[in-house]
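Dear colleague,

I am handing over the structure below, and after it you will find an account of what turned up. Please read it with the model open beside you.

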Amino acid sequence: IERFTRNLEVNPAIGEQKTLVILVNSQSNQQQPITKEQASEFVFDLENEYSVNSYMNEVSYGKTYLTGEVKGWYTISVPESQLCNVALQRAIAAADNEVDYRNFNRLVIAHPFNRFCTYGGFASLGLQTLSTRDGNVALSFNVLNGVESFLGGVSKHEFGHGLGLMHASLYDCENGIQNGNCQSIIYGDRE
């Protein structure tokens, strides 16, 4: 509990979550499958029951809500096969002239589905220090492979990591709790 409480002091998961969404694509796939307006609806629209904002507001009993804006589309000058490895850094750089990152504490980056990426999405666990033209800024981030992720659970799952939530893990017992050899399986989380 002490670790969780300490994390909330530097990474407030309650209240307004000032969120920037950056839409990027690659030099070899300049597809723009959604508009900025649609991305805004998928992330911020409280009336849209499938939006990230609607979900976070519901599961926090009205205590967490998202505000922010959408920037992009930005074309990153790398082949599609390399976008997965550089999406975070290149998206920050692409939007840097238009954005004061100090005005946000959450960052969502989305690109069209990319078969070369080994992830559906990935995220920081809480705030991380990222380098921008505005200086070093504490932001949580998540990167979504496919704007379709806004419609499913991936965007909400990854946003939760940014708020400091870890995976629930699994307690596996081969032959039942009383007779089994039990072990805790941590799903990708690090302490």
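A search of the whole structure turns up one disulfide, the term being used for a pair of cysteine sulfur atoms within 2.5 Å. The bond is formed by cysteine 84 and cysteine 117, whose sulfur atoms lie 2.0 Å apart. Because the torsion about their S-S bond is about -90 degrees, this disulfide is left-handed. Cysteine 84 belongs to helix H4 (residues 80–95), while cysteine 117 sits in the loop between strand S3 (106–111) and strand S4 (121–123), so the pair ties together parts that are 33 residues apart in sequence. Helices (H or I, at least four residues) and strands (E, at least two) are DSSP runs, numbered from the N terminus. Cysteine 84 is buried, with a relative accessible area of 10%, and for cysteine 117, also buried, the value is 10%; buried means under 20% relative accessible area, exposed over 50%, and partly exposed in between, with a 1.4 Å probe and protein chains only.

Before going further, please bear in mind that this is a predicted model, in which local features need pLDDT of at least 70 and side-chain atom pairs count only at pLDDT 80 or more, whereas totals for chains, interfaces and linings use all residues. Residues are numbered from 1 along each chain as its sequence is written, and side-chain values use heavy atoms, with hydrogens and water left out.

Turning to the helix packing, the axes of helix H3 (residues 52–59) and helix H5 (residues 154–162) come within 10 Å and cross at roughly 55 degrees, where axes are lines fitted to C-alpha atoms, for helices over the stretch in contact, and angles run from 0 to 180 degrees between N-to-C directions. H3 and H5 are therefore oblique to each other, given that angles under 35 degrees count as roughly parallel, over 145 as roughly antiparallel, 65 to 115 as roughly perpendicular and the rest as oblique. On the H3 side, Val52, Tyr55 and Met56 meet Ser155, Lys156, Phe159 and Gly160 of H5, contact meaning heavy atoms within 4.5 Å.

Two backbone features also deserve a look. The peptide bond from glycine 72 to tryptophan 73 is cis, with omega near 5 degrees, and tryptophan 73 lies in strand S2 (residues 64–76). Tyrosine 61, in the loop between H3 and S2, has a positive phi of about 55 degrees although it is not a glycine. Tyrosine 61 is exposed, with a relative accessible area of 74%.
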